[in-house]
Amino acid sequence: MPDIYINEFHMAFYAAALLVSLTILMQSFIQKRTDRAHNLAFIVMVSIIFLNSITEAVAEFVRPYITQSDTCLFIDDICHILYFLFHCLIAPLFFFYELCLTGAIKKRTDFQVVLFSVPVIVMELLIISNPFTSLVYSHAPNGEFQREPAEVIIYFISFVFIVLAIVNIFRFWNAMNFKKRLSLICFLGVVVIGLFIQFLYRDIRCELFAEALGTLGIMLLMENEDDRIEPETGIYNRHGLEIDLDTNFKLKNRVDILSLRITDVGTSLRSIGLTNINNLTNDIAEYLKTKVQRYYIYNIDPSQFIILLGDKEQEDHQRRYKKLFKNYEPNCTIDELADDLMERFKGNWNMGKTKTSLNPVIIKANIPDDFKTVEEVFFFIDSPVPQRLDKPVLEGEDLGYLLRRTSIENAIHRGMSEGGFEVYYQPVYELHTKKLYGAEALLRLHDSELGQIYPDEFIPVIEQMGLIDDVDNMVLGRVCEFIESGIPSKAGMATLNVNLSMIQCMQKGFVDRINQIVDGYNVDKHMITFEITESVGADDYKKLGEIITELKASGYQFAMDDYGTGYSNIQSIFSLDFDVVKIDKSILWAAEKGDLGMTILTNSINMIKQMRKKIVVEGVETESQIHLLEELGVDYQQGFYFSKPIPKDAFIHDILHME
């Protein structure tokens, strides 16, 4: 009787393939990467490798006994049937996976789908009928496995699908990023090497192990979306949008874009706090996922979500999906989705014990009709919407504001290169003596094509262009030049106010940069007062407080601008070491209209006085307002009654010729 033994060398390869494929499956389900078409194709491929590893291990275990036991022969036969039945699907599945990954699946017609399905059906029929026909394989009288002619057909069909996959890689080479290319090439390379080794050395059963390693490479390089997905919401981020837009442009897909913008997110942030703003973002994301699949949704920032809806093929897929799952109700058109979103935003959003309402603006656009490049789409995304809107949904001709934004950007570039930016000054006067106390430096832009452009239009664009540092530094430098000239001191001015951008304040090295600019001039730092708007996030107070303390130690003064326009005023005054508080003009004007406004103005002034801080009231335009402020005992006043912001030369003329 011959020795009976199990080939442990073979079993080692099967066990390795089983463990690797099991690890990949567990990771895919833990990370919830199971909802996209290519995710499902990938999981099926890995599942086949996992099942084939089991069937091959079982077959290897019973193989020494098949000549002695009909049961073992039957088990071996079942294992081979299952192996061929599933394993022959790997090549077609990889081809399908690649089509989904590149987006080329959207280009396939129903006829092409049927055409590619026919050879797969032929393979499966050959394998299923093998117990009756023995066309694929058979067993010799001694139980040895024998290949039959139909197996060549199966391998040939699999080879054709591999060739199609290779052709498809090169066809859509430019539509894929580096990671996609690398993952697909790694899979093919490792699998081909494994097949080649097993073909040359029949005793090295490394085919399944090579396939498992190939899919592991795909998981690490392609299925892993940590760099483009938000872990909290499960939707895609700005980087993910950039990748998907790039693919759609390269494939020349027609895609509808919906931008959901929350125009009052700054107010909501101050009213509900930073902790709840993240919860609010999650709630909006969860609602959007009830309308479209998560992989169509992108969160740009707390105030903006982007939704991409594909071409007709994608809409047809959604309709078919709806028929299969009755509880799934996707909107098939961008218009239907916009209507549903506007209806939802009529209600409140629950934030724990707090309810808040939000004001959305929906903007609809299209690729390639409205945008021709990824850069144009992001220009649209980053452009602020007009402040005065007569309707909540913008499309078509409504997008003309983007042309204005382009013109503003060009004007800013011309202003930087041609000297179009000019610093204006608006005087601040002592209330009782009526003497000039100081002035606020305000930036203006004169453009040769657009004429005068005001800060509320060009400052947000400058911030988004990343030029705010250059502009703020320029203003500070010109103010220092003015102080160095000696004219402000000659006119009896105690200070010149310079507005600071919060974006600039929070940057690393800000204090050193400010001192470096001012130290380049022979000026008294006490002559410079930095104005900071009160509308800062709660988490910024500590860092901003440290910056103010450090700069005040060098001699600078600080003023809180626009007191009364937001929710964080009192916290700002208590948290930050301001020398001066500037009360917004809206508080003064409201005091003249009713008792409530007068109460707010009076209480605000009394509170600031008790904190031993100086008070400037903005927006003074009439003598009656001056008399009111005299009665309330404020320190300084500023407004059109005295002067509008004027160019430096005109300001110098006025202050030097004052009676």
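The protein contains 26 helices and 19 strands, where helices (H or I, at least four residues) and strands (E, at least two) are DSSP runs numbered from the N terminus. The model is predicted, so local features need pLDDT of at least 70 and side-chain atom pairs count only at pLDDT 80 or more, while totals for chains, interfaces and linings use all residues. Residues are numbered from 1 along each chain as its sequence is written, and side-chain values use heavy atoms, with hydrogens and water left out.

Of the 659 residues, 50% count as buried; buried means under 20% relative accessible area, exposed over 50%, and partly exposed in between (1.4 Å probe, protein chains only). The protein exposes about 32300 Å², and carbon and sulfur atoms supply 57% of that area. Accessible areas come from the Shrake-Rupley method with a 1.4 Å probe, and for residues only the protein chains shown count as cover. Among contacts between residues at least 6 apart in sequence, 70% join residues at least 24 apart, a contact being heavy atoms within 4.5 Å.

Helix packing comes next. Two packed helices are described by the angle between their axes and the distance between the axes. Here the axes are lines fitted to C-alpha atoms, for helices over the stretch in contact, and angles run from 0 to 180 degrees between N-to-C directions. Helix α2 (residues 37-62) packs against helix α4 (residues 90-102) at an angle of about 160 degrees, with the two axes 8 Å apart. The α2 and α4 crossing is left-handed, a term used if the near helix is turned anticlockwise from the far one by less than a right angle, with right-handed used if clockwise. On the α2 side the contact is made by Ala37, His38, Ala41, Phe42, Val44, Met45, Ile48 and Ile49, and on the α4 side by Ile90, Leu93, Phe94, Phe96, Tyr97, Cys100 and Leu101. By class, the residues of this contact of α2 with α4 comprise 14 nonpolar, 1 polar and no charged. In this scheme Ala, Val, Leu, Ile, Met, Phe, Trp, Tyr, Cys and Pro count as nonpolar, Asp, Glu, Lys and Arg as charged, and the others, Gly among them, as polar.

Helix α4 also packs with helix α9 (residues 207-223), at an angle of about 10 degrees and with the axes 14 Å apart. Helices α4 and α9 are therefore roughly parallel to each other. Ile90, Phe94, Tyr97 and Leu101 of α4 make this contact with Glu211, Ile218, Met222 and Glu223 of α9. The contact of α4 with α9 has 6 nonpolar residues, no polar ones and 2 charged ones.

A further partner of α9 is helix α1 (residues 8-30): the axes of α1 and α9 come within 8 Å and cross at roughly 25 degrees. Helices α1 and α9 are therefore roughly parallel, and their crossing is left-handed. From α1, Phe13, Tyr14, Ala16, Ala17, Val20, Ile24 and Gln27 meet Leu208, Phe209, Ala212, Thr215, Leu216 and Met219 of α9. The residues in the contact of α1 with α9 are 11 nonpolar, 2 polar and no charged.

Some backbone details also deserve a look. Most residues other than glycine have a negative phi, and most peptide bonds are trans. A cis peptide bond joins isoleucine 367 and proline 368, with omega about 10 degrees; proline 368 lies in the loop between β8 (360-367) and α14 (374-382). Lysine 434 has a positive phi, near 65 degrees, and sits in the loop between β10 (421-430) and β11 (436-447). Lysine 434 is partly exposed, with a relative accessible area of 36%. Arginine 612 also has a positive phi, near 60 degrees, and its place is in the loop between α24 (595-610) and β17 (614-617). Arginine 612 is exposed, at a relative accessible area of 79%.

Methionine 342 lies in helix α13 (residues 334-344) and counts as buried at 17% relative accessibility. Leaving aside neighbours within four places in sequence, methionine 342 is in contact with Pro360, Ile362, Pro392 and Val393.

Methods
Parallel < 35°, antiparallel > 145°, perpendicular 65-115°, else oblique.
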